[in-house]
Amino acid sequence: MELMTGPEIDRRMRWEIGRADKLSRRGKLPHILLPDGAIRYRWPDIEPLIQAVNPSVPKESEGAEID
């Protein structure tokens with residue numbers, strides 16, 4: 001099992017440095033807490049949280065004009 005640091009997750013996700021650790025402290029990102037208090041991550045725990053989102057396209061009946 002390879003453990004990753006917060007900055008490694010931040011770089012992979014293209015976040016500002018420190019965001020992974022902040023999300024972990026809020027309970028929003030799965031993590032492992034080491035005995036010394038350090039936070040580590042497993043990519044297989046984080047990867048399923050990534051979701052593809054398709055932008056919504058307004059319907060013609062909603063009054064949007066399509067060029």
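Accessible areas were computed by the Shrake-Rupley method with a 1.4 Å probe, and for residues only the protein chains shown count as cover. On this basis the protein exposes about 5,600 Å², of which carbon and sulfur atoms supply 49%. The structure is a predicted model, in which local features require pLDDT of at least 70 and side-chain atom pairs count only at pLDDT 80 or more, whereas totals for chains, interfaces and linings use all residues. Residues are numbered from 1 along each chain as its sequence is written, and side-chain values use heavy atoms, with hydrogens and water left out.

The secondary structure comprises three helices and two strands, arranged from the N terminus in the order α-α-β-β-α. These elements are DSSP runs numbered from the N terminus, with helices being H or I runs of at least four residues and strands being E runs of at least two. Of the 67 residues in the protein, 22% are buried; here buried denotes under 20% relative accessible area, exposed denotes over 50%, and partly exposed lies in between (1.4 Å probe, protein chains only). Contacts are defined by heavy atoms within 4.5 Å. Among contacts between residues at least 6 apart in sequence, 33% join residues at least 24 apart.

Asp10 is found in helix α1, which spans residues 6–13, and Asp21 is placed in helix α2. Asp10 counts as buried because its relative accessible area is 1%. When residues up to four places away in sequence are not counted, Asp10 touches Trp15, Glu16, Ile17, Gly18, Arg19 and Ala20. The C-alpha atoms of Asp10 and Asp21 are separated by 8.9 Å, the two residues being 11 apart along the chain. Asp21 is likewise buried, yet it has no salt bridge, a term that denotes a side-chain nitrogen of Lys or Arg within 4 Å of a carboxyl oxygen of Asp or Glu. The nearest side chain of opposite charge to Asp21 is that of Arg25, at 4.5 Å. For charge assignment, Lys and Arg count as positive and Asp and Glu as negative, while His and the chain ends are not counted. With residues up to four places away in sequence again excluded, Asp21 touches Gly6, Ile39 and Tyr41.

Helix α2 also holds Ser24. Ser24 is classed as buried because its relative accessibility is 3%. Leaving aside neighbours within four places in sequence, Ser24 is in contact with Leu29, His31, Ile39 and Tyr41.

Arg25 lies in helix α2 as well, and it counts as exposed because its relative accessibility is 62%. Arg19 and Pro7 are 12 residues apart in sequence and 8.4 Å apart in space, C-alpha to C-alpha. Arg26 lies in the loop between α2 (19–25) and β1 (32–33) and is exposed, because its relative accessibility is 59%.

Arg19, Arg25 and Arg26 gather with Lys22 and Lys28 in a patch of positive charge on the surface. Such patches are made of residues with over 30% relative accessible area and no salt bridge, like charges being joined within 9 Å and nonpolar side chains (Val, Leu, Ile, Met, Phe, Trp, Tyr) within 5 Å. The place of a charge is taken as NZ of Lys, CZ of Arg, CG of Asp or CD of Glu.

The structure holds one salt bridge. In it, the side chains of Arg42 and Asp45 meet at 3.1 Å, N to O. Arg42 is partly exposed because its relative accessible area is 25%, and Asp45 is also partly exposed, its relative accessibility being 31%.

The backbone at Arg14 was also examined. Most residues other than glycine have a negative phi. Arg14, by contrast, has a positive phi, near 60 degrees. Arg14 is placed in the loop between α1 and α2 and counts as exposed because its relative accessibility is 78%.
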